[in-house]
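Work through these exercises with the model open. Try each task before you read its solution.

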Amino acid sequence: MNAPISTSQMHALLAPAATDPDPQETAEWREAFDALVQAHGAERARQMLDELARVARERRIGWQPELATPYVNTIAVDQQPAFPGDLAIEERLASLMRWNALAMVVRANQAYGELGGHIASYASAADLFEVGFNHFFHARNEGHGGDLVFFQPHSSPGVYARAFLEGRLSEADLAHYRQELTAPAFTQSTGARGLSSYPHPYLMPDFWQFPTGSMGIGPISSIYHARFMRYLTDRQLLDCNARKVWGVFGDGEMDEPESMSALTLAAREKLDNLVWVVNCNLQRLDGPVRGNGRIIDELEKLFAGAGWNVIKLVWGSDWDGLFARDTTGALARAFAHTVDGQMQTFAAKDGRFNRDSFFGQNEELQRLAQGMTDEQIDRLKRGGHDLVKIHAAYAAAAAHSGQPTVILAHTKKGYGMGAAGQGKMTTHSHKKFEGADLIGFRNRFNLPLSDEQATSLSFYKPAADSVEMQYLQSHRAALGGAMPRRETACDVVAKPTLAAYAQFAVAAAGKEMSTTMAFVRMLGNLMKDATMGPRVVPIVADEARTFGMANLFKQVGIYSSVGQRYSPEDIDSILSYREATDGQILEEGISEAGAIASWTAAATSYSVHGLAMLPFYIYYSMFGFQRVGDAIWAAADQRARGFLLGATSGRTTLGGEGLQHQDGSSHLVAATIPNCKAYDPGFAGEMVVIVDAGIREMLVEQKDVFYYVTLMNENYAQPDVPAEAAADILRGCWHYEGWRDASAERTAPQVTLMGSGAILTEVVKAAQQLAAVGIAVEVISVTSWSELARDGQACEARALRGDDAGSPFVARQLAASRGPIVAATDYVRAVPESVRAFLPEGRRYLTLGTDGFGRSDTRAALRDFFGVDAASIVRAAKHAMR
């Protein structure tokens with residue numbers, strides 16, 4: 001701890017509360033320690049403290065050092081580097097950003113009160129952003145791969161305001177904040193664009209790089225992106241050593257479990273390429289983050305305990321003189337007893353109130369405030385509003401090695417909003433200003449605006465040849481150009497032919513296997529391809545052996561930044577556990593949130609790094625869209641490209657596991673994500689046809705889609721899949737004739753059975769039983785209910801526009817058959833019900849599914865219970881034919 005207070009102050013602050021039985025001895029120990037520091041330096045002092053702590057543990061004293069340090073800056077005044085910029089110009093630029101951000105939100109809400117938007121968050125974070133933009137955030141260019149920056153979502157107006165000054169956005173663009181559909185770029189395909197509420201790459205694909213609007217997703221994603229950069233470097237695919245990952249997040253956001261869930265991974269992996277800046281404005285949406293405590297203290301303990309380097313950025317430069325005059329530690333003691341709820345009140349009140357309420361607590365504090373006017377007290381800055389202090393913290397974080405760093409920056413929410421909103425409980429939702437408030441804001445930041453310009457919320461942009469604009473442009477040019485900036489250019493990756501890696505599945509010839517087994521074999525073959533293989537990223541959440549992937553341990557290894565420092569107990573086994581620095585598998589432990597974050601990092605590598613990768617994340621299907629669905633939505637927003645494999649899918653395929661493991665709904669949720677193609681193949685041949693098409697779409701055609709493919713762990717005979725069926729398989733369904741006895745006489749079908757995934761084999765059994773009693777049957781293997789439904793919806797949309805609608809694909813597939821249609825799946829009935837509107841007219845349609853809670857039992861018992869076994873399908877068919 002290098003606090004900007006004297007040794008005597010620190011002694012006073014840290015003096016024990018209990019009565020000291022021997023003050024003289026205590027003083028001698030202090031003097032001895034001070035002498036050690038002066039004679040031999042800080043390193044020797046740390047060694048001695050470590051030795052004393054070791055002795056205390058040996059003697060079982062029951063003591064350990066406090067993780068929290070005094071409420072002062074970590075970086076002492078004499079350790080601050082010289083500020084490398086023009087402080088006055090940078091303060092003027094930050095003030096302009098604040099104004100244009102405020103004007104953008106307030107104007108939108110004056111015109112349309114329902115649009116919303118946020119002012120206070122960026123008002124508190126503006127200086128944190130600006131120091132990064134002016135001195136640290138590298139954009140991608142020929143000489144630098146570019147830093148990754150995760151922006152606090154409620155501060156997006158400030159990022160737009162900077163882009164306006166940089167010339168990337170126009171004044172008309174700013175005037176269409178949160179008006180994406182009415183903006184001319186959308187209605188007329190030209191002119192002003194609408195600006196999305198938060199960072200959304202899907203909506204602004206050339207601008208935003210990372211979606212952070214859902215609290216907690218940005219923090220965990222930043223950690224796994226930083227780790228994936230190490231993965232790329234260690235596998236010698238891309239050198240990321242010069243690059244950093246920066247994340248600017250809110251203190252309230254740290255309550256999200258995703259924000260905290262991977263802190264130890266970041267420390268364990270020694271991710272010193274990762275810097276978090278937590279904007280501690282002490283306030284959530286409705287009130288204080290920790291009204292009765294101190295969030296900075298709490299976060300310091302949490303991050304330090306997790307193994308992070310913690311830098312506290314609490315007080316601005318104008319406090320330095322006060323600390324220097326405070327010889328007794330009165331300030332630090334007062335801060336130690338001031339909770340955040342009171343600190344928020346100090347932010348909301350004026351200098352007179354703070355003189356009376358804070359400095360008036362005792363004579364020592366009163367003396368410190370003597371000679372200061374009320375205005376000077378009111379303008380005492382917290383550390384997160386002082387560019388010099390922020391730069392010192394950022395520089396220390398960027399130079400730190402061996403640990404990730406978190407900067408806990410103390411700010412005021414709604415900084416500069418005065419009585420209209422600074423530090424108030426309601427400030428998060430504050431979107432309207434009266435004329436006097438606007439003029440007050442102008443005066444507070446010395447903005448070059450007339451009264452009329454201020455009250456009319458005019459945007460302000462200095463002349464191109466002004467010193468401010470030249471300064472802004474030159475600093476960004478030195479750091480590689482404007483950001484955030486999303487890029488998509490990457491090389492096409494040659495795809496091997498399907499026959500080269502998956503012929504065993506399309507020509508299975510009745511061999512028994514599960515679709516999971518077929519997937520793992522296909523994946524192993526794919527990784528052997530000289531071109532495609534290195535780009536494949538297998539990801540599991542501690543279930544590799546469950547899914548039969550143990551053979552890959554020796555084949556490609558499990559990624560570890562330190563290799564393997566032990567001899568595994570199964571080292572003599574052909575399936576032994578092997579970790580390696582160039583390992584290809586990402587085995588994330590029992591963390592679906594971590595695994596999906598890893599998948600997202602790999603699935604967006606084409607954009608983030610200009611290097612296309614192909615991730616396959618396989619997991620229990622129930623723990624995908626249900627458990628981490630929000631993270632999957634964020635990946636979709638980021639235009640991810642990769643495969644999600646929902647293994648042991650369906651409600652009855654995973655017999656003994658029971659309710660929380662049995663998935664009956666993931667396909668229902670997957671269907672709601674526009675750029676997710678969801679498939680539920682029943683046959684191995686179908687599965688490889690789907691995967692092959694996905695590889696082509698994502699790596700060759702470079703389309704912004706990702707695939708969700710469900711897999712089963714049930715072994716059964718796998719038929720050949722004819723090449724001519726491939727197109728229909730991809731569109732969603734095909735006529736399966738392999739069940740039929742070729743010698744049997746064909747008659748006009750009287751009933752059609754549709755089935756998918758785990759229940760397709762039950763449909764085939766039912767067809768055989770019906771045929772045995774003289775009922776003609778047509779079997780349709782449905783590979784994707786959602787693709788069929790989307791096709792039907794597209795036809796309807798064309799019809800509503802008056803265009804040539806055509807007919808839905810599923811209707812055309814069923815046109816040659818007659819009689820009722822029975823559809824059965826291992827999912828809730830809403831999945832097959834999604835195509836009802838697009839079936840041939842006049843055909844009765846009966847759906848069978850697994851609605852309700854799962855149970856533990858055998859597959860046969862479960863399928864009988866839910867009414868999706870062959871016997872139930874036969875009964876349903878006969879009933880529908882009446």
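Two strands count as paired if DSSP finds at least two bridges between them. The model used here is predicted.

**Exercise 1. Find which residue of strand 14 is the bridge partner of Leu645.**

Step 1. Locate strand 14 at residues 706-710.
Step 2. Check the pairing: strand 12 and strand 14 run parallel over 4 bridges.
Step 3. Read off the partner of Leu645, which is Val709.

**Exercise 2. Find the strand 11 residue that stands opposite Leu645.**

Step 1. Strand 11 covers residues 614-620.
Step 2. Strand 11 pairs with strand 12 in the parallel sense, over 5 bridges.
Step 3. Ile618 stands opposite Leu645.
Step 4. Trace the link between these strands: the chain passes from strand 11 through helix 27, residues 625-637, into strand 12. This β-α-β crossover is right-handed.

**Exercise 3. Decide whether the residues of strand 12 are buried or exposed, and which way they point.**

Step 1. Take residues 643-647, the span of strand 12.
Step 2. Apply the cut-off: buried means under 20% relative accessible area.
Step 3. Count: 5 of the 5 residues are buried.
Step 4. Sort by direction. Phe643, Leu645 and Ala647 point one way. Leu644 and Gly646 point the other way.

**Exercise 4. Identify where pLDDT stays under 50.**

Step 1. Start with the chain: its mean pLDDT is 93, and 96% of residues reach 70 or more.
Step 2. Residues 1-5 stay under 50, with 24 contacts beyond four places in sequence.
Step 3. Residues 10-17 also stay under 50, with 11 such contacts.
Step 4. Where pLDDT is low, predicted coordinates should not be read in detail.

Technical notes. Residues numbered from 1 in each chain as written. Predicted model: local features only at pLDDT ≥ 70, side-chain atom pairs only at ≥ 80, totals over all residues. Heavy atoms only, no water. Buried < 20%, exposed > 50% of the residue type's maximum accessible area, 1.4 Å probe, protein only. Helix = DSSP H or I, 4+ residues; strand = E, 2+ residues; numbered from the N terminus. Right-handed = clockwise from strand over helix to strand, strands pointing away. pLDDT = per-residue confidence, 0-100. Contact = heavy atoms within 4.5 Å.
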